[in-house]
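Hello,

Here is the structure I promised to pass on. Please open it first, then read my notes below.

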Amino acid sequence: MLELSRLHRRFAGFQALDDVSLDIAPGEFLALLGPSGSGKTTLLRILAGLDYPDSGSVLRNGDDFLATPARERRIGMVFQHYALFRHLTVIENIAFGLRVRPWRSRPSRSEIRARVDRLLRRVQLDGLGTRYPTQLSGGQRQRVALARALAVEPDMLLLDEPFGALDAQVRVALRRWLRELHEELGLTSIFVTHDQEEALELADRVAVMNKGRIEQVGPPEVIYQQPATPFVCEFIGKVNRFSVRRHAGGFAAAGWMPEGDPWQGRFTEAVAYVRPEQLRLATPSSLPAWQAHLRHIYLAGGVAHLDLHVASLDLALEADVASEDLSRFGLQLGMELRVAPRSVVMFPLDGKGEPLSEERWIWHARSPVPA
Amino acid sequence: MRRRVLPGFGLSFGYAVAYLGLIVLLPLAALAWKASGIGFEGLVRLLSAPRTLAALRLSVGGAVVAALINVVIGLLVGWVLVRYRFPGRRLFDALVDLPFALPTAVAGIALTTLYASNGWLGRWLEPLGIKVAYTPLGVFVAMVFVGFPFVVRTLQPVLSALERDVEEAAESLGAQRWQTFFRVILPMLAPALLTGFALALARAVGEYGSVIFIAGNIPMRSEIAPLLIVQKLEQFDVAGAAALGVAMLLLSFGLLVLVSLLQRWSQRWAERAA
């Protein structure tokens, strides 16, 4: 169990970590997700012992983790640009962590050799052991870096943007493989990424970071379906934003009205988010909806992105439908559609126009009529 | 005919060969031709003379040791200049080039004044039994002085290009600081260190101006080979001077080839890049 509490870290002129607390369970696969400058790499480096917080504590099973030097933390770190030793062969790179041990705890030559061979097979690089890093592709280098980190049998694997420098195809293959490896080894793994798809697909839990703070921590489906703050709404997935105002019978936006009022008369305005796949395109006339004009259709394989314009809100909306639905609904450029959200996340605005995350309201359409 | 992407190969290659021939090879050929004037027996007699051998040993041996010392000091100074930020760093950095810029005779006179028995440093060293001026040690000090900037300047760019994360990787894999230095940093610096060594060596072998003032030029003891050449010229023994020159040339060339072989080996990881 790793307990991070109240971590602060300030660099010249900017707050990299601002009161970060987080518990990490053994064996968990955690993603630190955020835009650049959100503090996620700083947090990872503090766990690795390569940086230290200005204040706050990190405890591992009750012991002060920060007092332990990096080389004694039993962590395996995989760096963004791999940081391989370019003057050493693949085998020598992987064996490095074992060869630098004091002779009392250093495995014998043959044992090191056997362990390196096992790791080479595990990362599917057998036969490339005598090459130098410059002779390998990006994906191969990444796997060498991983094997090198695993060679010292760490308790925890830390990965800094592990797939950042790879091309799209290698990326997807490598992250599935990493997920399998994680399940096989049962290590605690923490990785930093700015790619939400990667975080949502790979991790057991995702911590979304922004400006040095953790905005939300939770399983991927919770992060996606129940975003805790406006930032999470906008950062994760695609989303349409519009505003709703209080009227006589509750909140409304140009004729569309979510039923209920969890705020019981407080607040006059709220910011609302709806995901592209949560827009119903052919709403029956018995339900309130917006009149929308279909401006563009972008066909992206199995999914079609529709660019809609709602005149009454003066708002451009993006809606996603399955490609085969295009012909099923007879969707054509320039046609008028009755569009209504199926599910909306709303945050009321306080007197200064700031959204209040703690007053979040997730609204779902009451009777899910097929779209 | 094969097409080339880079234009102008013929012209630029021609120029390069012509210049190399005119500026380097022609004078060397003239040297060899002059040297042949003393004949084989004369050459053997000249090179086996104890005075010649002593001078060559001092010039080449001193230069090798001086270059080695410079590698150590240069690494330290380069490291400090690249890795740390401190007030006066730029000034310090500019000072490194002084041995380049100073006329060698001025450097020699300055060093002699410092290390003479009544000089600022000599005054304190002499009572300890360390005589620098007018001894082989003085020759050596002058050689270190003139060779010093080469190591620092060849090392600096390589040092600043070293990635921090490679050191961090070594540390997180459990390496102690000294292990990181000897197993990771030093091997990556080796090619640059060898280049610096070769340059410092070449400079020190042929150094004349700064050495003769501090050397005292006592035959068999603190007399350098270039001085022997000058003496032979003054006695109009052009063939002898040239022969000695050729001998030095071959020695230096052999050393430089050795260094460049070492360098190639130290860079084997880059050579075989696919």
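**Contact between chains A and B**

The contact draws on 21 residues of chain A and 20 residues of chain B. Keep in mind that this is a predicted model. On the side of chain A that touches chain B, two elements give two or more residues: strand 6 and helix 2 (90-99) of chain A. By type, the residues on that side of chain A are twelve nonpolar, five polar and four charged.

**Chain A overall**

Chain A has 371 residues, and 39% of them count as buried. Its secondary structure comprises nine helices and 20 strands. Along the principal axes, the C-alpha atoms of chain A fill a box of roughly 80 × 50 × 35 Å. Take the contacts in chain A with a separation of 6 or more: 64% of them join residues 24 or more positions apart.

**The six-stranded sheet**

Look next at one open sheet in chain A. Six strands make up this sheet, in the order 6-7-8-3-9-10, and the pairing is mixed.

At one end of the order, strand 9 (residues 205-210) of chain A pairs with strand 10 of chain A. The sense is antiparallel, over five bridges. Within this pair, A207(A) sits opposite V217(A) of strand 10. Helix 4 (residues 138-151) of chain A packs on the sheet. This helix touches strand 6 and strand 7 (156-160) of chain A. The direction of helix 4 makes about 170° with that of strand 6.

**The nonpolar core**

Which residues touch the most other members of the largest nonpolar core? They are A31(A), V339(A), M143(B) and I214(B), out of 158 residues in that core. Domain 1 (2-227) and domain 2 (238-364) of chain A each supply at least three residues to this core. In general, nonpolar side chains tend to be buried together in soluble globular proteins.

Leaving out residues up to four places away in sequence, A31(A) touches F191(A), T193(A), A199(A), L202(A), A203(A), V206(A) and A207(A). One of these, A207(A), is the residue that stands opposite V217(A).

Best wishes

Key. Residues are numbered from 1 along each chain as its sequence is written. Chains are lettered from A and ligands numbered from 1 in the order in which they are written. This is a predicted model: local features need pLDDT of at least 70, side-chain atom pairs count only at pLDDT 80 or more; totals for chains, interfaces and linings use all residues. Two strands pair if DSSP finds at least two bridges between them. Helices (H or I, at least four residues) and strands (E, at least two) are DSSP runs, numbered from the N terminus. Two residues are in contact if their C-beta atoms, placed from the backbone, lie within 7 Å. Axes are lines fitted to C-alpha atoms, for helices over the stretch in contact, and angles run from 0 to 180 degrees between N-to-C directions. A nonpolar core is a set of buried Ala, Val, Leu, Ile, Met, Phe, Trp, Tyr and Cys residues joined through C-beta atoms within 7 Å. A residue is buried if 20 or more other C-beta atoms lie within 10 Å of its own, exposed if 12 or fewer, and partly exposed in between; C-beta atoms are placed from the backbone. Domain bounds come from an automatic or database domain assignment. Ala, Val, Leu, Ile, Met, Phe, Trp, Tyr, Cys and Pro count as nonpolar, Asp, Glu, Lys and Arg as charged, and the others, Gly among them, as polar.
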